[in-house]
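Welcome, and take a moment to look over the sequence and the model. The briefing below starts where the chains meet and then moves on to single residues.

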Amino acid sequence: MPRLKIDLDHLAANGRPGLTQSEAGHLVEAAAIAAEAGGTPIPLDMVFTGIKSCKPRVTGPTVTDQMRRCYADLDEAVEWGACSIATVAMEVLQGLTVWERSPKSGFGFDYYLAPLNQEDDAAHANFFAEATHVLEVSGTLQDDATEMDRRVKEKLRRLKRRPQILPAIVVVVDFRRVRAKAVKHG
Amino acid sequence: MASGRDLHHQAMEALCLSDVARMRGDAGQARDHLAQALDLETKAAMMYADQLETEPTRSILFRGAATVAMRARDWRAAERMVSFALSGNPPDAIADDLRNILEDAHFGRHLLAENVAIADDEIDITIAGSRVGYGIAPMEEVFQRAEVLQALVVRANERLGEIPYRRHGRPSREIAKKSRIFVQTARAASLALRLRIGSDQHVLEGMSEASRVVSDLLQSLDAFEKRDDRALESVIPDEAYRKSFVLLARQLAPDGKSVKAVHLATQGHDARLMVSLVKEREKEPKAAGPRTESAEEPHVAYTGELRLLDSTNEESEYFLLIGDDGENRRLFAPAELMSDVIPLLYKHRVRVTVRKDGRRLVCEDMERVTSDSEESS
């Protein structure tokens, strides 16, 4: 069986239906910065648990000084980096891709997912209706082994308390321990 | 002509560029890209203004435009976008988000439009929620929070005065004096109070001790709301003070039922500071002493009336819970809970989270139960 691969260079080069090339490029660069800050630069093997247990190879760009200057706010870079890993992981693990984005309160985005093979009809006015899932992502660099599970629990708790328009997938990426957890809700 | 989807994609790209510029420290470019994102997302949403049945796209685009407007601090634009969205048929989940944005926009606009000037030793506190009307709210929801703020100010004054954490007893006369809180005329908002600390006279020049406390308090609350442990630790390095702060801040936070948001604002040294507490009180305590996760020692919740075992003994580590189940329980409380939270909740109905530690029952968390919260739970 071929080894699973999270190819961030492919994401940066091609974008996705709901991510322009430029946006995808920023997310991917942030992942490289976050991985370096966590002590394991890309390429790396990341342990995934939750909806699927596997250890995909994560490949992507090499960090440059210009990138370090650009993503000086490490907390935010970690969140963005987690989004790029989660985006490709959803394609590999669930066959879902980022269909659309919408800004969240504060900072960051809500990601709406649709099946990979969904036809992209540019003329369809009700384009958010084609999404089948919402993706909730978080990243951490904290030196705390329980932090990833705590964040997953916290996100699930919030999802349970409020009505949702679509089933949600929660992904938390721990760049320090090089692992991630993905769980479904709804 | 660009489609709504094209405009939306351009808006998201401009927003992304604004975030990148902000991370790089280029505030001017961040602002320009943000304004561009607002313009584009508004245009995308307005293409759907009359398409009431095109859901969820219509309401997601209007919510997006309102969210970008909030980031740009354009409260009026946020209100307009929310109003367009709510005038259609948004799904329940999105309608909830829209109402929350509207509350925040009201608060921001209220500070601007009414030309409300806050002195640097004052805090504006506004609460909003299903049981809070325009200028009217259940008394207990308001004054309980004012009491919690009073306790937070006492602790901030002690900490900034480099006094070791007081585990029991009352604050010194000097601390009590400069921690006095004065309530000014309430103004109709959701429900707004203005509190002034330390003196009934303003200090005219320079940053007063009270303004340092207020600024410190809002920074701490901001870190608390973001659950940013590192930021909180940098503002409050002492562990006992930090635990005490988290316990008190949780009493200030919305319960998610009758109160959905608590907004605080002050005039910082060179800019207005604002914190919105919208995250509900967590059911799982984070700061009230060590926890054991073993299956043999589960956490149990009890509800009942809080009483002191011996009010003449200030060093007592136990209190009494007259349980709704008819049982009276003698519970051990960590110092931060005993000295800061229990005095505020004495004789009130509370819900406690308890862990068994050998033969004793250790109270790890406590929150007041109001009649409203019981009704709606």
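Across the interface of chain A and chain B, 16 residue pairs are in polar contact, both residues being at pLDDT 80 or more; a polar contact is a pair of N or O atoms within 3.5 Å, where within protein one must be able to donate a hydrogen and the other to accept it, and residues adjacent in sequence count only if both atoms are side-chain atoms. This is a predicted model, in which local features need pLDDT of at least 70, side-chain atom pairs count only at pLDDT 80 or more, and totals for chains, interfaces and linings use all residues. Residues are numbered from 1 along each chain as its sequence is written, chains are lettered from A and ligands numbered from 1 in the order in which they are written, and side-chain values use heavy atoms, with hydrogens and water left out.

**Where the two chains meet**

- On the side of chain A that touches chain B, at least two residues each come from helix 2 (21–38), helix 3 (65–70), helix 4 (74–94), strand 5 (96–103), strand 6 (109–115) and helix 5 (147–161) of chain A. Helices (H or I, at least four residues) and strands (E, at least two) are DSSP runs, numbered from the N terminus.
- That side of chain A divides into 17 nonpolar, 10 polar and 17 charged residues. Here Ala, Val, Leu, Ile, Met, Phe, Trp, Tyr, Cys and Pro count as nonpolar, Asp, Glu, Lys and Arg as charged, and the others, Gly among them, as polar.
- The contact (heavy atoms within 4.5 Å) takes 44 residues from chain A and 41 residues from chain B.
- Together the chains bury about 3,700 Å², with 54% of it on carbon and sulfur atoms. Buried area is the accessible area (1.4 Å probe) that two parts lose on being put together, summed over both.
- Pro103(A), Phe127(A) and Ile165(A) supply 15% of the area that chain A buries against chain B, more than any other three residues.

**Salt bridges**

- Over all chains there are 42 salt bridges, and four of them cross the interface of chain A and chain B. A salt bridge is a side-chain nitrogen of Lys or Arg within 4 Å of a carboxyl oxygen of Asp or Glu.
- Asp75(A) pairs with Arg230(B), their closest N and O atoms being 2.9 Å apart.
- Asp75(A) is partly exposed at 41% relative accessible area, while Arg230(B) is exposed at 55%. Buried means under 20% relative accessible area, exposed over 50%, and partly exposed in between (1.4 Å probe, protein chains only).
- Glu76(A), Asp19(B), Arg22(B) and Arg71(B) are linked in a network of salt bridges.
- Arg22(B) and Asp19(B) both lie in helix 1 (residues 4–24) of chain B, three residues apart, about one turn of the helix. Arg22(B) is partly exposed at 29%, whereas Asp19(B) is buried at 2%.

**Residues to find in chain A**

- Phe127(A) sits in the loop between strand 6 and strand 7 (133–140) of chain A, and is buried with a relative accessible area of 0%.
- Leaving aside neighbours within four places in sequence, Phe127(A) is in contact with residues including Trp99(A), Glu100(A), Tyr48(B) and Leu61(B).
- Arg101(A), in strand 5 of chain A, is buried at 2% relative accessible area. The side chains of Arg101(A) and Tyr111(A) are joined by a polar contact of 3.3 Å.
- Thr87(A) belongs to helix 4 of chain A and is buried at 1% relative accessibility.

**Cysteines**

- How many disulfides does the structure hold over all chains? There are zero, a disulfide being a pair of cysteine sulfur atoms within 2.5 Å.
- Cys70(A) is in no disulfide, and the nearest cysteine sulfur, that of Cys16(B), is 9.7 Å away. Cys70(A) is buried at 13% relative accessibility, and Cys363(B) is buried at 0%.

**Chain B as a whole**

- Chain B has 12 helices and 10 strands, and buried residues make up 53% of its 377 residues.
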